[in-house]
Amino acid sequence: MTFMHTIRLFLKNNIYFEKKTVDPKLCIMLSNQTLFMIELHKKNSNYLIHTVIQEPLPESWFEDNQLVNDTEFGNRLKKIYSDHPFKTKKVVLISDSPTIIMRIMTVPKTNAQGINEYIHKQLSSYTLFSGHELYKNWKILDTVEVHQEPHYRVIVLACKQDTFTRWEAIIDRKSTRLNS
C-alpha cells in the first residue's frame, strides 16, 4: 500500500481508532526511508490536510528497509515537532511495515466483546505468535448482510505487542503520545 493510498483510506473512512473525536490529528508514517508527518484538521465531518512534512532519513538507520535506529529517529521526531507548531500532541502511526497487519474483516453483528473475541480468534489463526503477544485495534466501518444475516465490516490493525511498545517508546520520547 502506498503512502497516498494509506492516507486516502484513513481519510475516507475517518479511521483513527479513538473513542471520541478530537481535533486535530497528527499522523506519522515511515515509508521507503522517508518520514511523513501530516496534520489533519476537522471541518464539519471531514478531515482536511493542514500540514505535510516529508523528510528523507539516512540509509544507515535502516536494515532491509526496516528502521533499526530508534534513538536517532526519536530525536528527529522531537526536532521536527519543536520546529513546527503542531496543535496536538496525540499521534496516529500509519505504517506500511510487514510487521503490522491491516485487514478488513466481516464479523457477526454482536457487542464489542464478541467482536474482539472473533477478531482475536481470526488473527490467531494466521499469525506466527500467540494471542497474548498481539496488540490489536479495530473500528466498525459499516453493516452488511451475509447469507441474509447482519454482519459488520470491520477494519483491523494488529501487530506484536513489542512492536507497539517500541513505537510507543519512540514517539513518547518527544513529549507526545501514541494515540493509535
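1. Strand 8 and strand 9 (residues 149-160) pair in the antiparallel sense over 12 bridges. Pairing here asks for at least two DSSP bridges between the strands, and the elements themselves are DSSP runs numbered from the N terminus: H or I over at least four residues for helices, E over at least two for strands. Within this pair, T143 has Y152 of strand 9 as its bridge partner.

2. A word on the source, since this is a predicted model: local features need pLDDT of at least 70, and side-chain atom pairs count only at pLDDT 80 or more, while totals for chains, interfaces and linings use all residues. Residues are numbered from 1 along each chain as its sequence is written, and side-chain values use heavy atoms, with hydrogens and water left out.

3. What order do the strands of the open three-stranded sheet take? The order is 7-9-8, with antiparallel pairing. Strand 7 (100-108) and strand 8 (134-146) form the edges, each pairing on one side only. On average, neighbouring strands of this sheet are turned by 20° against each other, direction ignored; axes are lines fitted to C-alpha atoms, for helices over the stretch in contact, and angles run from 0 to 180 degrees between N-to-C directions.

4. Helix 3 (residues 112-125) lies across strand 7, strand 8 and strand 9, and runs at about 110° to strand 8.

5. Please look at the loop between strand 8 and strand 9, where you will find H147 and Q148. Neither is a glycine, yet phi is positive at about 55° for H147 and about 65° for Q148. Most residues other than glycine have a negative phi. H147 is exposed at 76% relative accessibility and Q148 is exposed at 71% (buried is under 20% relative accessible area, exposed over 50%, partly exposed in between, with a 1.4 Å probe and protein chains only).

6. The largest nonpolar core has 20 residues, and L35, M37, L67, F73 and L77 have the most contacts inside it. Such a core is a set of buried Ala, Val, Leu, Ile, Met, Phe, Trp, Tyr and Cys residues joined through side-chain atoms within 4.5 Å. At least two residues each come from strand 1 (25-31), strand 2 (34-43), helix 2 (70-83), strand 6 (90-95) and helix 4. Helix 2 gives the largest share, four residues. Another core, of 11 residues, lies apart from it and includes I101, V107, L123 and A158.

7. R166 sits in helix 4 (residues 161-172) and is partly exposed, at 28% relative accessible area. Beyond its neighbours within four places in sequence, R166 is in contact (heavy atoms within 4.5 Å) with L67, V68 and D70. The C-alpha atoms of R166 and D70 are 8.4 Å apart, although 96 residues separate them along the chain.

8. How many disulfides are there? The count is zero, taking a disulfide as a pair of cysteine sulfur atoms within 2.5 Å. C27 is buried at 1% relative accessibility, and C159 is buried at 6%.

9. Finally, confidence. The chain averages a pLDDT (the predictor's confidence in each residue, from 0 to 100) of 76, and 76% of the residues score at least 70. Helix 3 has the highest mean, 87, and helix 1 (residues 3-13) the lowest, 49. Over residues 11-21 pLDDT stays under 50, and the model has 31 contacts for them beyond four places in sequence. Where pLDDT is low, the predicted coordinates should not be read in detail.
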